[in-house]
Amino acid sequence: MDSRTQIVKEVEDELPQARATIASLRTQLDGILGSTTWRALGPLRRLMGKLPRWLKQPLRQALRLAYRGGRFLMSNGRKAAVAIKVLQPPRDPYDRWVEFDTLTDLDRAQINRHILQLDSKPLISVIMPVYETPEWVLREAIASVCNQLYPNWELCIADDASKAPHVEQVLRESAEADPRIKWIRRETNGHISAASNSALALASGEFIALMDHDDVLAPHALYEIAVALNKDPSYDLIYTDEDKIDADGRRCLPYFKTDWNIDLLLAHNMVSHFGVYRRSLVEQVGGFRLGYEGSQDYDLALRCADATTPNRIYHLPAVLYHWRREYGLASFSEGKLAECTAAALRAITDHLERCNEVGVVRPHPIVPQWSRVIRPIPYPVPLVSIIIPTRDRADLLKMCVDGLLHRTDYPAIEILIIDHESALPETATLLKNLKKDTRVRVLPYAGNFNYSAINNMAAADARGSILALLNNDVDVINPDWLREMVALATLDGVGAVGAKLLYPNNRVQHGGVVLGVGGVANHLNHLMHRGEIGYYGRNVLTSVVSAVTGACLVVRKSVFDEVGGFNSKDLPVTFNDVDFCLRIREAGYRNVWTPHAELYHHASASRGAEDTPEKAARFKSEVNYMLKRWTNDLAHDPFYNDNLSIDINCCFQLAFPSRRHKPWQDYMV
């Protein structure tokens, strides 16, 4: 049993006890939350969210004492201790991360020094539509702009005919206090798209930044935008990471995004906040469109992206925007989710039409407020050459080929079985029987095992315009898996396409490849349950990734040949698929992983373990090659995030410290 299989077995053995513990804790927590004491202390908990941090700890201690002296002491001491522990769960790691992310006095001084040295200080117009905003929320939103360390901004506010008198009063007072604030009151309520256009009409900056009326900017948000524009003045669209502010005023739920990722964007609005656009581009595409309310910024991002090029879109990996949630006033998207989702589907459909792409846009089957684009395979249907290296293990090969011939609904395939010196009679019998099907060919391969050379040899003999590399221990789950992968692989600009590979217990074996994790690379979503959403949908949403595993990889033969196939000299066994995908990316293509093609993978069941000195030396040589050839790529995966951990098996967990270099740290005071 290899180490990975052992880990899976240990996790499976512990799951029943873990589930029982969780169920017990949930039952106790439900009792606490339903208690009269908990409800009675609700106002005090809400008050704590508005208090300074130094006051919160004493109040929390008072709450504990109140619970100990009340409901919990009616039971025995052990139950009381359990209840208190449930009430005070372990500290959220993001609380600690926020402490590192909060600017110190030294940070502010360094930022101010850097601002003085910027070659360009573009005017940034912050666009804010306002409607019936609670006074304290509106004041905090405006204050977060006024408190920006970068001074060259203007705040353009359009009040969408609010009835509450305090809205006009706050806007008037704010404009009188700071001449950089412009505002207008609309005569009639036109909803968020019309109000955003009214605010846009006030803007005179070269760039506009979108902000909701109830959210908060980090004090260095506009400074970071200005630094990015000094680095590359050609940027048309800049977007950043974001988090939420809960009812207690606590930062939570960060979204550390990927760099430009068109396939993920077609699943949900990953640009969102904080989005900064070249004003001339926004005006060129017609501003905000009426009828797309609730997804108007999603629609704008798609239209602007279509009107520019990916190299002029920049992701800034810093949390610069804080969404306020559950403070008493529901946002449009929270109150009218169905309308927002319908508008998003229309925006994506419009994008496909603009790009001359064919596809049907549907609500995502697991998360309906997100989307799935179902693309057709080309006509005439391209022949797919499925390449399967094998050595004995007739049981696995039979399972694999049976799934291809009888449980895959793709109409045009040929199967190339590359037989690497199989010796068992049952394998010879199986191969003889398989060759009776005209779709199957068997090619012999002799010599030391060299995965790269085997696939290169088969690719040279393939008749199809599409290659599908497949391990012999892979089994089909859904019959349309190959349709899904071919539909993506034949899109302009797409290189390799990977599938969602599962262990037989429905845990994820492969969800794409992330660079740098564990040293060279590792699989995303490893051991996650098949149906789990994952980090902001990364286990269920189609996404651009740096690489995919060769255990199930579909690519056009023309792309395979263009990059020279696999590296059989330096990478005969491991990391050859990662290297292949990186060379595809280097050639200008994007690699895509889809969760909508699912197969079981028995995890190299037919290959021996790395258990000899010769194999260990070969593996070390392959690691060294990857570290030397792809040094910069392994240090930064654009489809992960530098604020996330690269410790092995820690995908999508916070990095302590962040690997992101803060631009002001080079400017010592």
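Predicted model: local features only at pLDDT ≥ 70, side-chain atom pairs only at ≥ 80, totals over all residues.
**Exercise 1. The whole protein**

Task: State how many helices and strands the protein has, and what share of its residues is buried.

Solution: 
- Start with the secondary structure. The protein has 24 helices and 23 strands.
- Next, take burial. Buried means under 20% relative accessible area. Of the 669 residues, 54% are buried.
- The accessible area is about 29,400 Å². Carbon and sulfur atoms hold 55% of that area.

**Exercise 2. Contacts along the chain**

Task: Consider contacts with a separation of 6 or more, and find what percentage joins residues 24 or more positions apart.

Solution: 
- Count contacts in the protein with a separation of 6 or more.
- Pick out those between residues 24 or more positions apart.

**Exercise 3. Strand β23**

Task: Is β23 mostly covered or uncovered? Which way does β23 run against β16, β17 and β21?

Solution: 
- Locate β23. The strand spans residues 590-601. Of its 12 residues, 11 are buried, so apply the cut-off of under 20% relative accessible area to each. β23 is mostly covered.
- Take β16, residues 474-476. β16 and β23 are antiparallel, with three bridges. Val476 has Leu599 of β23 as its bridge partner.
- Take β17, residues 494-502. β17 and β23 are parallel, with six bridges. Leu501 faces Leu599 in β23.
- Take β21, residues 543-545. β21 and β23 are antiparallel, with three bridges. Ser543 is bridged to Trp593 of β23.
- Leu599 is the partner of Val476 and stands opposite Leu501.

Key:
Residues numbered from 1 in each chain as written. Heavy atoms only, no water. Helix = DSSP H or I, 4+ residues; strand = E, 2+ residues; numbered from the N terminus. Buried < 20%, exposed > 50% of the residue type's maximum accessible area, 1.4 Å probe, protein only. Contact = heavy atoms within 4.5 Å. Areas by Shrake-Rupley, 256 points an atom, 1.4 Å probe, with all protein chains shown as cover. Pairing = 2+ DSSP bridges.
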